[in-house]
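Hi,

Here is the structure you will be working with. Please open it first, then read my notes below.

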Amino acid sequence: MAKSPNSFAASLTDAGIAALIAVALFGPLVGLKTEVTTGGLFLSQRWGDVAVMVAVVFVGRLALNLLVFKTDRPVTRSLAAALPSLTGLGRFGALLGPALLGLSVVLPFLMMYGAPDQSRYVIDLSILVLTYVMLGWGLNIVVGLAGLLDLGYVAFYAVGAYTYALLATTFGWSFWVCLPLAGLLAACWGMVLGFPVLRLRGDYLAIVTLAFGEIVRIVLLNWYDFTGGPNGINNIPRPSFFGIEFSRGEDGFAAIFGLEYSAMHRIVFLYYVILALALVTAFVTTRVRRLPVGRAWEALREDEIACRSLGINTTNTKLTAFAMGAMFGGFAGSFFATRQGFISPESFTFIESAVILAIVVLGGLGSQIGVVVAAIVMIGGFEVFRDLEEFRMLVFGLAMVLIMVWRPRGLVSTRVPSIALKERKAIGGELVGEGHG
Amino acid sequence: MEYFLQQLINGITLGSIYGLIAIGYTMVYGIIGMINFAHGDVFMVGAFIALVLIIGLGLTASAGLGLLILALILVLVVAMVLTSMWGWTIERLAYRPLRGSFRLAPLITAIGMSIVLQNFVQIVQGARVKPLQPIVTGGYTLIDDGGFVVQLSNIQILIIATTTILMIGFTLLISRTSLGRAQRACEQDRKMAALLGVNVDRTISLTFVIGASLAAVAGLMYLLYYGVIDFFIGFVAGVKAFTAAVLGGIGSLPGAMLGGLLLGLIETFWSGYFSIEYKDVAAFSILAIVLIFLPSGLLGRPEVEKV
C-alpha cells in the first residue's frame, strides 16, 4: 500500500471513525445493563467500561493503521520474515510429526518423574487434547478427504458414548468388548444418516447434518426410559487393564504388578488408551488414503462430476467416508464415557461439533499434523486461560476468528500427495480443491 | 376446528418471526454463498438492544395508545440502526478479509463470531433470563361459542402487520431500486457486476446491514411476544431460521418467507397436536424430507453445474 503524504492524519481519522462505531456498538449493550429485580427490570449504568472499550478500539486501530495498514513497511512483513515459515515447514516440518509422537509416548513418565505435583493436571489436559485430536482426525476423513461438510459430527460421538454407557451399565460388559461395538454402531448410524443426504451438496448437506446432530441430542434428552434424559447416565464402569481393575485391593493393578497403589495409574492408562486410539485413527486414515476408496474420496472432493464420469460409485464412496468418520467418532465417544464416568446430552451440543470442525479447518483441511497443532492451540489454549473464567469462551471465539483471518488455509497448509510418480512434493493448500459436498 | 384456527394464528405469528430472520440468511447466502452462522446471534443482540431501549424509555403497558405506538416505532428504528451496525462490523472484521478465500474459512469465522457474540452479551448483560412485563396487551375474541375460545391478540396483529409491511417494502427495494438491482447483479455474477461498475463491497455490506436490521425487527417482535430473552436465544432461532431459508430454497426471498411460515406452522401444530418435546425434531425431519425430494428447496432454482 502506497504511503500517502499525510498518513498519520488519515490513520487518526480512521481510528476516530472506528471509535465512533465502537461507541454505537458498545454504548447500549455495555453502558446500560439490565438488572433483574423483584420489581421488574431496571438499568444500571457503566459508562466507564464503555470509555475503556472505546479507548482500546481507538488505540488498537491507530496502532494497526500506523504499523500495518497504512505504512510502506508493515511490521507483519518483517515479523513473517523473522519467524520460520509455517507454510513451507521445510525440514522442521518433516521432524514435527515424529517429534510430537515421541513426546506424546514419553510424556506421562516425563511428568511423573520430572514434575509429580503437576503431572495429574498435565496428563488430564493431554487426554483432553488427544480426544480432540482423535475426533479431528475422524472428522478429517469426512470433511478434509471426502469434502463433505458435516456439522453434526457430535452425533456419532454421542452414539459411541451412549452405546458404551448403556451396554456397560445394563449388561456389565467390559470396555474392550463395547469399544468395537460402539464403533460399529456409530458407523451404522453414519450410514443411516448419510443415506438421505447423498444427493445434497455443500451447505444443504451442512444444515441437514446439523439438524441430525440436534435430533440425536433432543432424542437423548427426551427419551427418559432409555437414556435417563437430562440426568444422563451415572456410574459408568472405568476401564480395566485387560480385566485387572485399578483398585486398591489384592487383585488390583498395583498389587499384581508389585507397585505401590496410586490413583495416577488409571490416568496414565487412560492416556495411553486414547493415544493408541488416536494413532490407530491416524494410521488407518493414512493407509486408507492409498486404497482405491481413499483415492476416490479425494477425487470426490476435487470434482464430483468428473468422479462420476470416470465410473466411481459416489454413493459408496460417500457412505464409506461417513461410516469411517463416524466409527472413529464412536470410539472417541466410548472413551469419553469411560473416562468421565458420567454422560448427559449436555456434552453433545452443537458447539462440540463446531469446535471439532474448527480444529480440522484451523489445522488445515486434510492435514493430519495440522489437526494436532490446532487441537493443542485451541484446547490447550482454552485450558491455559482457565483464570479468565467467563471471558474464556469469548477469547476462544476471538481466537477462532483471528487465526482464520490470519491463515485462511489453516495453520499447516501444505499437502503431501497421496500418490506420486518418482518424487513426493509438498504443495500449498491453495492448489487443493476444497470440495463442494 | 376452533383449536385448529388458534394454532393457525399462533403458527403464522411464529412463522413471521422466523421469516424475518431467514431473509438475512438467504440474502447473504445468495450474494456470497456462505452460511452466516452469526446471524442468529445478531438477532439476539437486536432483542437485547430493544430491551435496553424499552427499559430506558420506561415503556409500560399503561402508556397511552398513541404514545405507545410512537415509542415502539422509535425503539424499532433505533434498534434496527444499532443492530445493523453490528452486522456491518461483523462482515467487515470477520468475513471481508476472507472473501475469495476458500469456502470453509468464512464459515469458521462465522461460528467464531457466533461464540463471541453469545459470550459478549452473557458477560455484559448477565446470564440470567430477562423477563419483560407485557407491553402490548389486549386482543380480540374471534370465536366464543362456549367451547374453545379463539383469540387474536394485539401483539399477534402487530407482528403479522409489521412483517407484511416490511416484506412488501423489502420486495420493492429489491425489485425497484438501484441497490436492489446491484444486489441481484452481484448474486448472479460478482465479477461481471464489478466490471460494470457496481461497488461489490458496498453492496455486500448493505446486504448484511439489511439482514441485520430485519433481524433486529424480529428481535423486538420476539421480545414483545414471548417477554423473556436470554443470551442463548440466537442459536435455536438461528438454526430454525436457517432451516426455514433452506426449506424455502436458499437465495430466494419469497422462499425464505414461505419457509418461515411453514416452519412456524409445522412447529405449532406439532406442539399443539403431538408432543412439545419433539417439535424441533419434527421441524428438522420435515427439512430433511423436503431436501431429499426437492434438493433445492421449495422455491429455489435448481443448481445447474457447468462442466
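Start with the hairpin of β2(B) and β3(B), where Gly146(B) takes a positive phi near 90 degrees. Six residues lie between the two strands. The model is predicted: local features need pLDDT of at least 70, side-chain atom pairs count only at pLDDT 80 or more, and totals for chains, interfaces and linings use all residues. Residues are numbered from 1 along each chain as its sequence is written, while chains are lettered from A and ligands numbered from 1 in the order in which they are written.

Strands β2 (residues 139-143) and β3 (residues 150-153) of chain B run antiparallel, joined by four bridges. Two strands pair if DSSP finds at least two bridges between them. Ile143(B) has Val150(B) as its bridge partner in β3(B).

Now chain A. It has 17 helices and four strands. These are DSSP runs numbered from the N terminus: helices are H or I with at least four residues, strands E with at least two. Chain A has 437 residues, and 43% of them count as buried (20 or more other C-beta atoms within 10 Å of the residue's own, with C-beta atoms placed from the backbone).

Last, the interface. 49 residues of chain A are in contact with 54 residues of chain B (C-beta atoms, placed from the backbone, within 7 Å). The largest share of chain A's side, 12 residues, comes from α8(A).

Best wishes

Methods
Contact = placed C-beta atoms within 7 Å. Buried ≥ 20, exposed ≤ 12 C-beta atoms within 10 Å, placed from the backbone.
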